[in-house]
Amino acid sequence: SSRHKKKSKSKKEVERLAEIERQRRQKEAEQKIIEEEASKRIELLVKKRVEEELLKRKSEIEAEVNFRVESAKKKMEAEMMLELEKRREKVREEEQKREVCFEEEKQKREELEQILSENNKKIQEAQRRLAEERLAIIEEQRQMDEERQKLRKEQEKRVKEEQKMILGKNNSRPKLSFSVRSGVS
């Protein structure tokens, strides 16, 4: 009987402990539900507050976004303009180099043309001098030929006159009279 009492006592003890455990679990479950509910409420409140804040700050945010977009756009435009200006400058420099080269070529060409022109003048002057000298030589030869002919004519004239004198033509020689005298012994 004491054994049965003991059994019954221990059974009750087990049941009591089981009840306590069940209650503890139930409390935990309730606590968990309460915490989840609170968490959900807090989440909803935070979400609502964030939405309200966002609505309030929407125009500020949009303005900030627009400002950043504009800034980025301006920066890009400035960079593009700078790049474009660099390219233009490069093209301008190349153009100037070409112009300088062209000017140098033009100057060289003009110098060469001037040298050619001067050389042509020198050649023409030399040719003119040669022509004058040739003319002078021809003139000298003509005069010498004339002189020679004159001398020849004079020589021929002298020879003729001498012959005439010898031959007694044209009464060029004093008359010799051959007369016979009588009485000369």
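Lysine 73 has a relative accessibility of 42% and counts as partly exposed, a class that lies between buried (under 20% relative accessible area) and exposed (over 50%), computed with a 1.4 Å probe on protein chains only. The model is predicted, so local features need pLDDT of at least 70 and side-chain atom pairs count only at pLDDT 80 or more, while totals for chains, interfaces and linings use all residues. Residues are numbered from 1 along each chain as its sequence is written, and side-chain values use heavy atoms, with hydrogens and water left out.

Lysine 73 forms a salt bridge with glutamate 70, with 3.8 Å between the closest N and O atoms. A salt bridge here is a side-chain nitrogen of Lys or Arg within 4 Å of a carboxyl oxygen of Asp or Glu. Glutamate 70 is partly exposed as well, at 36%. Helices are DSSP runs of H or I with at least four residues, numbered from the N terminus.

Further along helix H1, arginine 128 and glutamate 132 are 4 residues apart, again about one turn. Their side chains meet in a salt bridge with an N to O distance of 2.4 Å. Arginine 128 is partly exposed at 38%, and glutamate 132 is partly exposed at 42%.

Another salt bridge joins the side chains of glutamate 85 and arginine 92, at 3.4 Å from N to O. Glutamate 85 is partly exposed at 35%, as is arginine 92 at 39%.

Salt bridges can also link up: Glu21, Arg24, Arg25 and Glu28 form a network of them. The structure holds 19 salt bridges.

Technical notes. Helix = DSSP H or I, 4+ residues; strand = E, 2+ residues; numbered from the N terminus.
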